[in-house]
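Thank you all for coming; I would like to walk you slowly through one structure today.

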Amino acid sequence: MFPSFRPNSFILFLFLSFPFIFLLPFTTTSHGVAEDHAKTLSHTPKICGNNQRHDDASDLNEFFPEARIPSDSNVGQLSDPSAVSHIANPLLQRAHTALRAWKSAIVSDPHNFTGNWVGDDVCTYNGIVCTPSLDDPTRHAVAGIDLNRADLEGHLPMELSLFHEVSLIHLNSNKFRGQIPQKLSKLVHLQELDLSNNGFHGPFPEEVLRLPNLKYLDLRYNNFEGVLPPELFDKDLDALLINNNRFNGTLPINIGNSKLSAMVLANNNFEGGIPKSIGNMNQTLNEIVIGNNSFSGCLPLELGSLINVAVLDLSLNSFTGVLPEKMIEGLQNVEQLNVANNKLTGTLPHGICQLKKLDNFTYSSNYFNGNRLECQRPGKVEFDRGLNCIDGEEEGEEEEERRKEEFAVAAFEHSASCSEQKNEIPSGRSSYSPAPSSLSPSSHRIVLEQQPAASLPPVGGFGYASPPPPMMKDN
């Protein structure tokens, strides 16, 4: 008979007498976890383009260096038992670690949005969406993060890279600040990234260039600055919304490599001309909004190749020369055409009236002259015509003549550099030297009203869960 043991003594006795009882199941479990995890990420090389795969232990070692975890051990055995030690699913283990780190990085949560970010069941946390794993449907993983309008303040921790299977991150209308973590590039399944209406800063976050499946990128209303990397237009993006930042420089000449459907660059500090390669986007581009920048030069005829464009907004820039007839003839699907507040000259192309889908044509605050354009076709076209030199568009003859004289010199100067595209040759230089006018197109600016986040698409026809583009409003 064995002597009477307390439970702990009995376990110690068994371990000393029959150690294989304990070692055998532990070895089997460890091997099984590693083997299952390898199956879960078996297609990762196809996405990343290399033979690298994610490893649970190495990922967690990166964030818990004080408690090194052997690469062949069970990843659940962390030194901090309150972290992930009792979550069997390694995909949710990593998510739990990431969310704990993120909650620690949040310094203000006025609506207690993260109040239920406690406990092991991360799939019940506010803003967290779980679905069966892409590679192993028997396991769940965090597939979506939607914190829109949560009004959270803080920064993004590097532990976000632990969300290996997340496909969308929507953070619209919060107060996150700082720069984008470099390790965000590990999110190889990420398709939608919405960081709009926050306080992020720094250069264009090149981490997103290494996201192989990214389709939708929304950086609106932040403080990003600097030039756009050419690699951005080599990515297979569907929508690029970066208005209301501080980006500058010229557009990369390879912009035509892009397959974008929507490109919104308004309210930045871009300059230079529109690269002619933009005509190569004719199969996909549906909306292009570049208003309120410092673009200049002639309008390239290649814009007329954009046969699928429904919205073309070139307003509030410094484009010169004429509005080319050949360009207009190609825009057969355009519904909204805005060239207001530039330095365009010459007569309005009659092809405008042949655009069967055109609903609104805005060309105010330019140097157009000639006769008033009237379209005799089914359906009404709304014209915004003011502040030009066109016959019949001013109420009094005296005012009409004054404006013609005022714009005569500018009209000649701004059309000379685009003479090969002119619709008509200017009649000559006037001897009248006008004083600077408050009506000058370059002095008129707009602001884009900030819109609240909503479960609406950003542009017509898109199925994303971000707000629509800002509405333009006169300042």
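This is a predicted model: local features need pLDDT of at least 70, side-chain atom pairs count only at pLDDT 80 or more; totals for chains, interfaces and linings use all residues.

Phe361 belongs to the largest nonpolar core, a set of 88 residues, and together with Trp102 and Phe163 it touches the most other members. Two or more residues of this core come from each of helix H5 (90-105), strand S2 (128-132), strand S3 (140-146) and helix H6 (325-330), and the largest share, five residues, is given by H5. Apart from this core lies another one, of seven residues, which includes Leu241, Ala262, Val264 and Val289.

Let me step back to the whole chain for a moment. The protein chain has seven helices and 26 strands, and of its 475 residues 51% count as buried. If we take the contacts between residues at least 6 apart in sequence, 50% of them join residues at least 24 apart.

Now to the strands. Twelve of them form an open sheet with mixed pairing, in the order S2-S3-S5-S7-S9-S11-S13-S15-S17-S19-S21-S23. The edges are held by S2 and strand S23 (382-384), and because each has a single partner strand, one side of each is left without a neighbour in the sheet. From one strand to the next, the twist averages 15 degrees.

Within that order, strand S13 (residues 262-264) pairs with strand S15 (residues 287-289) in the parallel sense, over three bridges, and here Met263 stands opposite Ile288 in S15. If we follow the chain into the loop between S13 and strand S14 (269-272), we come to Asn267. Is Asn267 buried or exposed? Its relative accessible area is 14%, and since the cut-off for buried is under 20%, Asn267 counts as buried. The side chain of Asn267 also makes a polar contact, at 2.5 Å, with the side chain of Asn292.

Strand S8 (residues 199-203) and strand S10 (residues 223-226) run parallel and are joined by three bridges, with Gly202 standing opposite Phe224 in S10. S10 is in turn joined to strand S12 (residues 246-249) by two bridges, again in the parallel sense, and there Gly226 stands opposite Phe247 in S12.

Finally, let me return to H5. This helix lies across S2 and S3, and it runs at about 30 degrees to S3. H5 has 16 residues and reaches 23 Å from its first C-alpha to its last, which is close to the 22 Å expected at 1.5 Å a residue.

Terms used:
Residues are numbered from 1 along each chain as its sequence is written. Side-chain values use heavy atoms; hydrogens and water are left out. A nonpolar core is a set of buried Ala, Val, Leu, Ile, Met, Phe, Trp, Tyr and Cys residues joined through side-chain atoms within 4.5 Å. Buried means under 20% relative accessible area, exposed over 50%, partly exposed in between (1.4 Å probe, protein chains only). Helices (H or I, at least four residues) and strands (E, at least two) are DSSP runs, numbered from the N terminus. Two strands pair if DSSP finds at least two bridges between them. Axes are lines fitted to C-alpha atoms, for helices over the stretch in contact, and angles run from 0 to 180 degrees between N-to-C directions. Contact means heavy atoms within 4.5 Å. A polar contact is a pair of N or O atoms within 3.5 Å; within protein, one must be able to donate a hydrogen and the other to accept it, and residues adjacent in sequence count only if both atoms are side-chain atoms. The expected span of a helix is 1.5 Å times one less than its number of residues.
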